[in-house]
Amino acid sequence: MLSRRNMLAVGALTLGGAVGTKGLLFNDRAAYSSARGFYPHVHGVQPARVGAALTVAPFSMQMPVPPVLKPMVSTNDVDVYRLDIRPADIEILPGVRTPVYTYGGQFVGPTIRARTGRRVMIRYKNALDRPANVHLHGGHVEADHDGHPMDVIQTGQSRWYNYPNRQQGATLWYHDHSHHTEAENVYRGLHGFYLIDDDSEKSLRLPGGAYDIPIIIRDALFDADGKMVFGGNPAERNVILANGKPQPYFPVAARKYRLRLLNGATERTFNLNLGGAEMTQIASDGGLLPAPVPRTEIRLSSAERVEVVVDFSRYPVGTQVVLSDGTTPVLRFDVVRRAVDFSRVPDQLRALPVLPAATVTRNIRLSFDISGFPPVGLVDGKTYDPARADQQIKLGATEIWNITNGDGQFGFHHNFHMHLVQFQVLDRDGQPPSLDDAGRKDTVPVPPGTSVRVKATFADYIGRYVYHCHFLEHSSLGMMAQMEIAP
Ligand code: C2O
Ligand code: CU
Ligand code: CU
């Protein structure tokens, strides 16, 4: 169990701001209280009442790297995998077993490493006592394999997912998307990385192999028994986990690393920084940027990804470099040895696709109806109805979507995610997009009182795909809609 000293350290950490509003942009916390103590809980789960919340002193555990899943079978053009969706008791905090839901028995599911142009097939068996499914976030896949909210795997059943990987290299992730329960299921552990490697990017000689590290950053709240608390105010989740460990340390060599950062929190925005030191951004949600961009602070809302190269050779061996969310530590890199490094970050990476002129413009509005309890999530004034197609899209069309946060200047923070496509951000309230909006995106923040315009081409696949706020507590409450793509 946690020692008393750790518990005390916990208190200090908590007061020090881990629970504070620092990490939550746009004052989510104030928004919650202004909404009369509204907690977005679903299905009668009561708001959390946690007497003594567990956490630990920072940097007491080492950050693991989720192992890469081995295919059962590999042929010329397909890799076949198998994963169970099942409960497990995992040591997240030292000396405490926490019951979680997992892909493959691991709290951060195994990493699937796919390759552009090479098919992946995965058979998932659901051994949970509740329905679950799998959505490949950022994937360009057939509607039948997209993990539609109504297309779930019942307890004891299995299902194949088929991913063609006809898209460029990118940091994708897989997570549950079951109707009304995606927030809880993802919170309890149904998340993992799906990385697409792209042979055409090999000549860039970016850091690879052991120097290419995916890191999922998320938060959680643990009760005194070490159980994860879901259903309360997300702003009270006071433990930050990197690859499933609380504020861990990670030994690195004094050389360049490619870090793939994913915000896997269900409802949170991180403000990531190395205390002012430079990170070189090379990619966003859907793959490489046209050229590297020096960054000192990166805003990442739920489900967004960013890839940065950090050159630890600028630090002497023995240096500790902390990645923080605002001022709250997330992860400490310990520079432990020297290394030779033949990797580089070239001046040119990968040009963005030039999208055709748009033929359709749509307005999308995200909001809450807080007149009742629980509140109801709305897109264009309507809560999600799987039987309704909210937008009809012609296959191959290029469109502009103007997404507005309809909760007003002092309302809730939302973000926006569209399945199937990678879009490009055109502008925000008529102003040029921010550095955080660069590249091929599938998820963007939509702060209170603002709008963002994005442009996408709906190619290759027909059928129904959802779009929603990716603060999953909001989508679970109905802030989701669907588009029907037809010839
Ligand atoms: Cu990350 Cu609708 O999904
Ligand atoms: Cu998605
Ligand atoms: Cu939202």
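Modeller: A word on labels before the details: strands (E, at least two residues) and helices (H or I, at least four) are DSSP runs, numbered from the N terminus. The model is predicted.

Start with the copper ion, ligand 2. Its protein donors are His-135 and His-417. Each name stands for an NE2 atom, and the pair lies 1.9 Å from the ion. These histidines come from distant parts of the chain, 282 residues apart. His-135 sits in strand E6, residues 135–137. His-417 belongs to strand E26, residues 414–418. How accessible is His-135, buried or exposed? His-135 has a relative accessible area of 1%, so it falls under the 20% cut-off and is buried. His-417 also has 1% relative accessibility and counts as buried.

Now the backbone. The peptide bond from Phe-373 to Pro-374 is cis. Its omega is near -5°. Pro-374 is placed in the loop between strand E22 (360–369) and strand E23 (376–379).

Next, positive phi values. His-180 is not a glycine, yet its phi is near 70°. This histidine lies in the loop between strand E8 (170–175) and helix H3 (182–187). His-180 is partly exposed, at 29% relative accessibility.

Asp-460 is another non-glycine residue with positive phi, near 80°. Its loop runs between strand E29 (451–457) and strand E30 (463–468). Asp-460 has 57% relative accessibility. That value is over the 50% cut-off, so Asp-460 counts as exposed.

Terms used
Residues numbered from 1 in each chain as written. Chains lettered and ligands numbered in written order. Predicted model: local features only at pLDDT ≥ 70, side-chain atom pairs only at ≥ 80, totals over all residues. Heavy atoms only, no water. Donors = N, O, S within 2.8 Å, 3.2 Å for Na, K, Ca; no water. Buried < 20%, exposed > 50% of the residue type's maximum accessible area, 1.4 Å probe, protein only.
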